[in-house]
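Open the model in your viewer and keep the selection panel at hand.

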Amino acid sequence: MSASVAVYRDIYTEDRFRQTYGTEDQSGGRERLRDRLAQRCSCSQVDCLHLLKKRLPVCSWLPKYKIKKWLLGDIIAGLTVGIVHIPQGMAFALLTSVAPVYGLYTSFFPVVLYMLFGTGHHVSTGTFAVLSLMTGSVVEQLVPIPLGLNSSSPEGAELEAQRIGVASAVAFLSGIMMLCMCGLQLGFLSTYLSEPIVKAFTSAAAFHVTVSQLQSMLGLRLPRYAGVFSLFKTLASVMENVPHTNLAELVISLLCLAVLVPVKEVNSHFRERLSTPIPMEIITVIIATGITYAFSLDSKYDIQIVGHIPAGFPEPRLPALETVPEIAGDTVAITLVAYAVSVSLAMIYADKHGYSIDPNQELLAHGISNTVSSLFTCFPNSATLATTNILESAGGHTQLAGLFTSLVVLIVLLLIGPLFYFLPKAVLACINVTSLRQMFLLFQDLPDLWRISKIDFMVWLVTWLSVVVLNVDLGLAIGVVFSMMTVICRTQRASCSVLGRAANTEIYRSINNHNKCYEVPGVKILTYNGPIYYGNRSFFKADVAQLLGLTPERIRSREKALKAIEKREREPISSVEQGVTDSSFSSKNVLFRSEMAEGEVQAVLIDCSSVIFVDVAGARLFIQMCMECQKIGVRLYLANCNESVLKILTSSGLMNYMNPQHIFVTIHDAVVYIQQQREKPPENNTTVWV
């Protein structure tokens with residue numbers, strides 16, 4: 001049994017509704033604004049405590065920490081992620097074109113800093129493949145290393161210092177940018193990197209990472225290419241030098257892949273059953289290091305090894321700030337990618353576990369993390385896909401897991417690091433490639449994306465092709481521009497449709513999609529599903545003219561007919577003054593108007609419920625439409641205008657051409673009013689408001 005609804009009320013125009021239900025006293029709003037400003041500027045102990053908890057979240061969640069419930073999960077998750085950080089940190093350092101030890105530093109300092117300032121409970125920060133690749137391209141451009149140079153020589157050591165100086169400068173500048181964005185409350189900028197862009201970008205960057213690691217997996221000593229078509233240049237160089245492959249390193253790479261790939265699949269498929277993922281990366285590193293040392297593979301087969309890893313902390317020093325003008329452009333892209341990936345990951349797990357994050361506080365956390373860690377020879381860092389997933393699946397609950405992660409890395413830095421001297425670089429290259437599993441699996445989203453939104457599918461495809469074919473930075477820029485162009489095109493070509501009324505209801509729907517909704521006789525109800533601004537005003541005008549059937553010829557004919565009516569209305573007045581009247585004129589005039597009304601639209605009602613904003617050009621278009629409607633004797637009405645649209649229309653002078661009483665709260669209010677006006681005697685309708 002269906003319930004029925006009956007509502008009896010007066011017809012409300014916008015003016016009448018505002019007078020009845022609106023706020024009359026505007027001074028109160030100003031007083032409240034002054035109060036709010038005064039409250040913001042005031043300083044008290046409570047305000048200082050609130051600010052401290054907001055800007056240093058550890059002061060908020062640590063006192064509420066549930067030791068019995070959360071501690072064990074945080075310990076297990078933190079230790080597991082720390083074990084994964086060790087091989088990945090060293091591996092991603094190779095992507096950044098710096099020594100592996102700097103990857104360990106980047107896996108320690110940012111973790112501690114994010115634990116203090118971050119709002120994501122399940123976010124793991126550190127080295128990230130995409131950022132390492134982008135930073136490595138900058139390093140290679142500014143500090144290229146000649147082929148055949150001995151890294152242990154004084155020249156090699158100096159070039160290595162210059163390289164980490166550039167990488168640290170990128171991290172420093174990126175952190176400063178994030179801090180500035182936080183100060184300006186620009187956390188919303190990450191929204192310009194939509195989900196299709198981020199996923200396509202990371203998936204395409206995974207191809208760049210894989211191709212860049214081929215030379216290390218094959219034991220080739222080749223230059224690293226950067227710029228446009230770098231992926232194809234690297235592939236061509238590798239194919240050209242395949243005959244010079246080091247067979248020993250090739251065998252090591254194949255064995256590592258044969259072990260790492262299946263274990264990755266096991267960890268993925270049995271994620272729910274395994275309390276912690278199998279740490280095959282660190283096991284592989286230990287075994288490969290031991291075998292290389294035991295059989296002297298580096299000297300017998302010329303295998304490239306990691307080399308000396310100093311124990312202890314690095315001495316704080318300033319990055320190569322003189323390179324800032326040269327790295328500024330690339331750093332902007334690195335900053336946006338780092339922040340977008342970090343916030344996206346934080347939001348995903350926050351939604352999953354029912355808490356919220358502060359995007360601007362995330363800017364502060366990652367800004368401090370990059371700025372401070374750059375002073376300890378770290379390269380750019382962010383939240384990471386793989387370790388964040390491991391942290392959550394291993395049972396992590398809070399940021400305290402980062403403490404145990406950093407303890408594992410700290411032990412390696414202080415005690416175990418030098419033992420990785422004989423670790424083959426081919427093993428790290430294999431770890432890099434296998435860590436990209438999640439990025440390659442992003443292709444699985446394409447069928448659903450095609451089904452849900454073909455425009456988002458095109459954004460994904462254009463971004464992916466641009467990044468793969470051109471390079472990482474330029475491809476990302478093209479993806480962002482293309483995505484914004486799709487938004488502009490969709491607002492330009494928004495649909496304009498005719499609404500009809502469902503019988504015996506106040507519901508109005510498009511007659512194209514609802515064949516049992518019928519137009520109100522003599523009234524054309526139009527709705528436009530988008531803003532009306534300079535970019536689409538011509539399209540909107542053309543759509544309205546088409547739906548109303550108002551060709552220039554028809555407008556001229558109706559204008560002539562209207563002038564003829566007005567002329568004949570003035571004739572009896574002059575006749576009466578002369579003492580002669582035509583008693584038959586009034587009935588003829590009424591008959592003439594009714595004949596015109598039967599085939600023509602007498603009122604146009606525009607539903608503005610989907611018009612989110614109007615600019616000056618759009619407001620002038622409304623004025624122009626009012627003037628044209630006035631010429632042909634058609635009344636224009638508006639309904640469902642939001643406050644900002646109504647304010648702009650009023651300020652532009654629309655009320656000089658339109659009766660303010662013709663702007664209604666709902667479509668049905670306007671329709672009932674129009675029908676009542678048509679039912680009045682003709683002599684009461686001699687004045688026409690347009």
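The second largest cavity has a volume of about 80 Å³. A cavity here is a set of points on a 1 Å grid over the protein atoms alone where a 1.4 Å probe fits but cannot get out, and lining residues have an atom within 4 Å of a point. Points are joined across faces, edges and corners, and a volume is the space filled by probe spheres set on them. This is a predicted model: local features need pLDDT of at least 70, side-chain atom pairs count only at pLDDT 80 or more, and totals for chains, interfaces and linings use all residues. Residues are numbered from 1 along each chain as its sequence is written, and side-chain values use heavy atoms, with hydrogens and water left out.

Select the lining, which includes Gln88, Phe92, Thr384, Leu385 and Gln438. Helix 5, helix 17 and helix 20 each supply at least two of its residues; helices are DSSP runs (H or I, at least four residues) numbered from the N terminus. By class the lining has seven nonpolar, five polar and no charged residues (Ala, Val, Leu, Ile, Met, Phe, Trp, Tyr, Cys and Pro count as nonpolar, Asp, Glu, Lys and Arg as charged, the others, Gly among them, as polar).

Next, select Val111, Val123, Ser124, Thr125 and Gly402, the residues nearest the centre of the largest cavity. Its volume is about 120 Å³, and its lining divides into seven nonpolar, nine polar and no charged residues.

Now go to the second largest pocket, with about 1,300 Å³ of space. A pocket is an open set with protein on both sides within 12 Å along at least five of seven lines. Of its 50 lining residues, Leu345, Tyr349, Leu385, Asn389 and Gln438 lie nearest the centre. Helix 15 gives the most to this lining, with nine residues.

Show helix 5 and helix 17 together: they pack at an angle of about 160 degrees, with axes 9 Å apart. Axes are lines fitted to C-alpha atoms, for helices over the stretch in contact, and angles run from 0 to 180 degrees between N-to-C directions. Helix 5 is therefore roughly antiparallel to helix 17 (an angle over 145 degrees).

Finish with residues 455-488, one of the spans that UniProt lists as "transmembrane region" in an unreviewed entry; such annotations may be inferred rather than shown by experiment, feature names are shortened, and positions follow the numbering used here. The end C-alpha atoms of residues 455-488 lie 12 Å apart, and the span is 94% helix.

Key. Parallel < 35°, antiparallel > 145°, perpendicular 65-115°, else oblique.
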